[in-house]
Amino acid sequence: TAPSIHIWDAVSKQTLSILRCYHSKGVCSVSFSATGKLLLSVGLDPEHTITIWRWQEGAKIASRVGHNQRIFVAEFRPDSDTQFVSVGVKHVKFWTLAGRALLSKKGLLNTLEDARMQTMLAVAFGANNLTFTGTISGDVCVWKDHILCRVVARAHNGPVFAMYTTLRDGLIVTGGKERPSKEGGAVKLWDQELRRCRAFRLETGQATDCVRSVCRGKGKILVGTRNAEIIEVGEKNAACNILVSGHVDGPIWGLATHPSRDFFLSAAEDGTVRLWDIADKKMLNKVNLGHAARTVCYSPEGDMVAIGMKNGEFIILLVSSLKIWGKKRDRRCAIHDIRFSPDSRYLAVGSSENSVDFYDLTLGPTLNRISYCKDIPSFVIQMDFSADSRYLQVSSGCYKRLVYEVPSGKHLLDHAAIDRITWATWTSILGDEVMGIWSRHAEKADVNCACVSHSGISLVTGDDFGMVKLFDFPCPEKFAKHKRFLGHSPHVTNIRFTNGDRHVISAGGDDCSLFVWKCVHMPH
């Protein structure tokens, strides 16, 4: 309802200016002018309004209807404070800022036979008023002033999503969707007139590389991909260095911390499980599972990993080789939580079929179900084993906490016996011990996840408002005091303490992100 544009100092990370927009719905493109004094923005409103700002003063200079079709990108010419080009669905426009007025010319095709206006996705610039636009079919159009003078056919096999103009030497970088081959890659470096190019392969291991953003400086090309990677490519040796990795599609539901090392695992709907190093802030490894993953868990020794899938299957991997030790599918619906017992004998698998299945791991990788919990009134949210591996607590979708005997699956109803149980872990959002995590205004579904520290004195939660909260544990009093931490956009899907309680890991839903929080001073 009220989109805004934030301008940041990239070094100090301070906010320099916030522009409250005239655009409605959203802002899809921004571009600084040559001197950096002006800013151009494009809205997602029905008129796709283009606005020019004197951003340091927060003042709007000019605004005009952009086009009746969606605009994808608008960019100032790199040597100008008055001229820019906008591209979008079946159009390209060449603009001039004259005082407080915006004047435009449509791109003309009539000099070339068989030329047709395509959907344009990207723009770059050359000397002598040349403009290059990347198309959805993989062609690049070359414009002199506002007239089409040449088409570079099949510059990429798929859409040309990104282009970059290097001021220093005039070379152009393009990025598109491409299958890696001996001749070609998804990133290409062209001469000043787009006649010759050199292709770079990204070495990501993907069948098809999809580049969404490119940048160039000091002998290196920076590449942002559809697969949430930022890759640095050396121009001389074409070496690829992956700087940033991440899950492609969220939410990230599965989260597990290593029992003795500063590693953690994440599992997401993109069908991958990823291993992260907290100290180096890097992804160490990933496994492509082929199906959406919902939950992940380390064995007590850290030598095995169990993964629960959205299709009802679960897989056990050996950590040393990442080879499959065993897999089974006894359910047809999503596995919501999976847990090894503290004595490493049993595996509990909780699903959205209102069930928890038990497997005896000492019987080998055939993974025949030995029993299951009956009478769970709704789908399973979280599970925790007791320290002696004899009991399992289950939080269900109807917000009831139930306790079962292991491995019989018999429902334990004796409250005095339940109170005497020592739990190996606590991830339940339900129970007298965590009554205080629910705020006055919270509905049942607002708190998604919880985790008690290994020391047993602190509790963290994640909720639908993107909030991570830190409580004392236990917190049996309603509306308990806590500290709040913001970072995620809604919602936080899972949360865990690391083995020494030095860090907390939280996983995001819509933002598909992983946060590492440092525990500076734990309350008690």
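Residues are numbered from 1 along each chain as its sequence is written, and side-chain values use heavy atoms, with hydrogens and water left out. Because the model is predicted, local features need pLDDT of at least 70 and side-chain atom pairs count only at pLDDT 80 or more, while totals for chains, interfaces and linings use all residues.

**Domains.** Select 4–244, which is domain 1, and then 289–425, which is domain 2. These bounds come from an automatic or database domain assignment. The C-alpha centres of domain 1 and domain 2 lie 50 Å apart.

**Sheet β3 to β6.** Go to 27–32, strand β3, and 59–64, strand β6; these are the edge strands, each pairing on one side only. Strands are DSSP runs (E, at least two residues), numbered from the N terminus, and two strands pair if DSSP finds at least two bridges between them. The open sheet has four strands in the order β3-β4-β5-β6, with antiparallel pairing. Its neighbouring strands are turned by 20° against each other on average, direction ignored; the axes are lines fitted to C-alpha atoms, and angles run from 0 to 180 degrees between N-to-C directions. Five bridges join β3 to β4 (residues 38–43).

**Sheet β27 to β30.** Four strands form an open antiparallel sheet in the order β27-β28-β29-β30. Select β27 (293–298) and β30 (324–328): each has a single partner strand, so one side of each is left without a neighbour in the sheet. Neighbouring strands here are turned by 15° against each other on average, direction ignored. β27 is joined to β28 (residues 304–309) by five bridges, and A293 is bridged to M309 in β28.

Select 335–340, strand β31, where six of six residues are buried (under 20% relative accessible area, 1.4 Å probe, protein chains only). Five bridges join β31 to the antiparallel strand β32 (residues 346–351). F340 stands opposite L347 in β32. Five residues lie between the strands of this hairpin, and S344 takes a positive phi near 65°.

**Cores.** Show V403, I429, I437 and L459, which have the most contacts inside the largest nonpolar core, a set of 20 residues. Such a core consists of buried Ala, Val, Leu, Ile, Met, Phe, Trp, Tyr and Cys residues joined through side-chain atoms within 4.5 Å. Strand β39 (residues 447–452) gives the largest share of this core, three residues. Finally, select F263, A267, V305 and I315, which are among the 16 residues of a second, separate core.

Terms used: Buried means under 20% relative accessible area, exposed over 50%, partly exposed in between (1.4 Å probe, protein chains only).
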